[in-house]
Each structure stands twice: as structure tokens, then as C-alpha cells.
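I opened this model to look up its fold, its helix packing and its cores. My entries follow in the order I made them.

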Amino acid sequence: MSDQAGAETAAPLDVVLLVSRARGLARAGELGGALRLLREAEATELGRHREVLDLRARVHAQRGETAEAAECWRRVLARHPQDPAAGAGLARLGRTGPVAALGRHRARTALVAAACLTAVAAGVLTTLDGPRPARADTDRAAGGHRSPRASATAEGGPEKDAAAQARRAAALADDLRAPGLRVTVHGDSVEVAFTRGLFSEGAQLTPAGARHLALLGERLAGRHLPVTVHGHAATVPGAPRSGGSVVALWRALVAARELATASGEPLTAFTTDSADQRDAPYPDPARNRTVTLVISSE
């Protein structure tokens with residue numbers, strides 16, 4: 001089966017588009033807008049899809065609406081009893097109770113960072129990343145005290161800061177290297193490619209592909225780093241040779257789900273897209289049934 005035909009067995013395109021739009025709103029801090037978008041699909045089969053319900057549960061949890069979040073995850077488990085994300089979400093909600101509201105509107109300022117530390121100490125479920133504030137705003141929120149990194153930049157100049165970023169990226173690359181992975185440092189980020197194709201056809205992971213993603217996810221656990229997952233597809237006769245593809249996007253979404261499950265990070269921590277066919281990592285079509293990751297060392 002070709003990559004194009006394999007798309008027919010993947011999740012419906014309207015599910016991907018809905019989740020992508022809602023996730024974008026949530027990551028921009030517009031939790032109410034994301035929730036309204038997800039609720040609009042409630043009366044259709046689309047609204048009962050596991051990806052839609054899972055994201056809806058995470059948005060509710062971020063808003064401190066634990067009862068609503070629990071109900072969404074229970075609905076997932078009713079149709080998929082072994083779903084790990086729903087099971088983990090319910091378990092955490094059971095430990096946290098109403099104090100999950102402390103995780104609301106997480107922003108990277110000193111004031112909210114302190115609130116999040118308190119929430120983590122109490123076992124609060126935090127599920128969605130908000131936009132990062134400007135570094136100057138962070139310094140002001142901390143009472144005028146500059147962060148260690150800001151101080152280092154002011155004292156040592158941009159060259160010293162760039163060198164520190166490069167060292168962090170090199171250390172991250174060393175931690176991620178494993179058989180089956182090709183890890184490359186690019187400035188302050190790390191690119192990870194897989195030496196063999198991860199998918200047999202369409203968005204169907206091979207057993208080896210699932211293992212490689214699980215291994216990488218475990219190594220990302222606890223790091224809370226921005227990750228972009230680029231899906232790739234083998235070029236087939238008659239198919240467009242540029243502009244990306246739906247199959248490549250499916251693969252990015254499937255890989256993000258596997259990485260999120262293995263790392264314990266929320267699915268919203270991963271940005272997904274379809275890479276252009278011209279950016280395929282290999283000349284071999286079979287090896288291009290894969291994804292590549294770009295991980296910031298920030």
C-alpha cells in the first residue's frame with residue numbers, strides 16, 4: 001500500500017484539524033476559546049474521538065475544572081480501556097482534587113513559576129504550556145532581580161551566552177544518543193533522525209519504530225524542552241513532490257502521541273507539522289517513512 005493509500009486508515013482529517021486548532025488556542029493561553037471549539041463537536045462522532053476528548057480533558061484540568069476533566073478521560077477509557085494518557089490523567093486528578101486550579105494559565109514569570117512549584121509539590125496536574133513572557137518581564141516579576149542566565153549574558157556578552165547554549169545542546173545530544181538514532185547539534189538545538197523507517201505504511205508504526213520512540217520519550221522525561229516533530233513521507237509516482245502531505249502530518253501526530261506517553265509530557269508540549277518532500281532525510285523511500293525531531297536545549 002502506498003503512503004497516500006495508507007492515509008485512509010489513519011484518524012479522520014477533521015479530527016487532526018480540530019485538535020490542531022484547539023491546541024494552538026490553548027498554547028496561546030486562550031483556554032476558553034479552545035474549550036468552545038472542542039465543545040462544538042460534542043454532538044458528533046468527532047467530539048467522541050479519543051484525541052478530542054483527551055485534549056478537552058487537559059484544557060479542563062488546566063482551568064481547574066477537575067470534575068469535567070475526569071469525565072472526559074472516563075469517556076476515553078469507556079471506549080479504550082487501556083489508554084495510558086487517560087488512565088494517568090485520572091490517577092493524577094485523584095491525587096490533586098480542586099487545588100489543580102493553581103496550575104491555571106501557567107506563564108514563565110517568577111511569580112507564576114513559584115505557584116507552579118507549589119502545585120507540583122502538592123501533586124497538581126499541569127497540562128498545557130502557556131506562551132513564554134519576554135525575559136525583561138520575567139526579571140521585573142522577580143522584583144528587579146535578573147535571572148542567572150540574564151546576568152551571564154550582561155556580564156559575558158552574547159558570545160559567552162552562545163557558547164553556553166552550545167554546551168547545553170552538546171550535553172543534550174550526548175544524553176539522547178542511542179542505537180537507531182542519528183543525533184546532530186545545530187547551534188542551540190538538537191536534531192534527531194531515525195536510521196530506519198518508523199512506519200510500515202500510512203501512519204502504522206512498526207514494532208521497532210514504536211520501541212525507538214518509547215526510548216527517546218523516556219530520555220526526554222522531566223526535561224520540559226520544546227520539541228517539534230516533522231513528519232516525512234516517501235515520494236510515490238504521481239504524488240506532489242513538494243508542499244508536504246497528509247500522511248506526513250499523521251506520522252508527526254502519531255509520533256508525538258508516543259513521545260508524550262513515554263515522557264509523561266502533555267501532548268500539547270509537542271509541535272507537529274508535515275515536512276516538505278524536498279527536506280526528506282534520506283534518498284531511500286522506505287527510510288523516509290519516518291519523523292525527525294528538533295529539540296531546543298533552552
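I began with contacts (heavy atoms within 4.5 Å). Among those in the chain between residues at least 6 apart in sequence, 67% join residues at least 24 apart. This is a predicted model, in which local features need pLDDT of at least 70 and side-chain atom pairs count only at pLDDT 80 or more, while totals for chains, interfaces and linings use all residues. Residues are numbered from 1 along each chain as its sequence is written, and side-chain values use heavy atoms, with hydrogens and water left out.

Next I looked up the elements. I find eleven helices and seven strands in the chain. They are DSSP runs numbered from the N terminus, helices being H or I of at least four residues and strands E of at least two. I then checked burial, where buried means under 20% relative accessible area, exposed over 50% and partly exposed in between, with a 1.4 Å probe and protein chains only. Of the 298 residues, 43% count as buried.

Helix packing came next. Two packed helices are described by the angle between their axes and the distance between the axes. Here the axes are lines fitted to C-alpha atoms, for helices over the stretch in contact, and angles run from 0 to 180 degrees between N-to-C directions.

I took H2 (residues 13–27) with H4 first. Their axes come within 10 Å and cross at roughly 15°. H2 and H4 are therefore roughly parallel; angles under 35 degrees count as such, over 145 as roughly antiparallel, 65 to 115 as roughly perpendicular and the rest as oblique. On the H2 side I list Val15, Leu18, Val19, Ala22, Arg23 and Ala26, and on the H4 side Glu51, Val52, Leu55 and Val59. By class this contact has eight nonpolar, no polar and two charged residues. Ala, Val, Leu, Ile, Met, Phe, Trp, Tyr, Cys and Pro count as nonpolar, Asp, Glu, Lys and Arg as charged, and the others, Gly among them, as polar.

Leu31, Ala34, Leu35, Leu38 and Arg39 of H3 meet Val52, Leu55, Arg56, Val59, His60 and Gln62 of H4. I note seven nonpolar, two polar and two charged residues here.

Then I looked up H4 (residues 50–62) with H5 (residues 66–79). The axes come within 8 Å and cross at roughly 160°. H4 and H5 are therefore roughly antiparallel. The contact residues include Leu53 and Ala57 of H4, and Cys72 and Trp73 of H5. They divide into seven nonpolar, one polar and six charged.

Which residues have the most contacts inside the largest nonpolar core? I find Val192, Leu216, Val229, Leu293 and Ile295, in a core of 30 residues. Such a core is a set of buried Ala, Val, Leu, Ile, Met, Phe, Trp, Tyr and Cys residues joined through side-chain atoms within 4.5 Å. H11 (246–263) is one of the elements that supply at least two residues each. The largest share, five residues, comes from H11. Leaving aside neighbours within four places in sequence, Leu216 is in contact with Leu176, Leu181, Val192, Phe194, Leu259 and Leu293. Another core, of 14 residues, lies apart from this one, with Leu18, Val19, Leu31 and Val52 among its members.

Last, I checked Asn288, in the loop between E6 (270–274) and E7. Asn288 is buried, at 5% relative accessible area.
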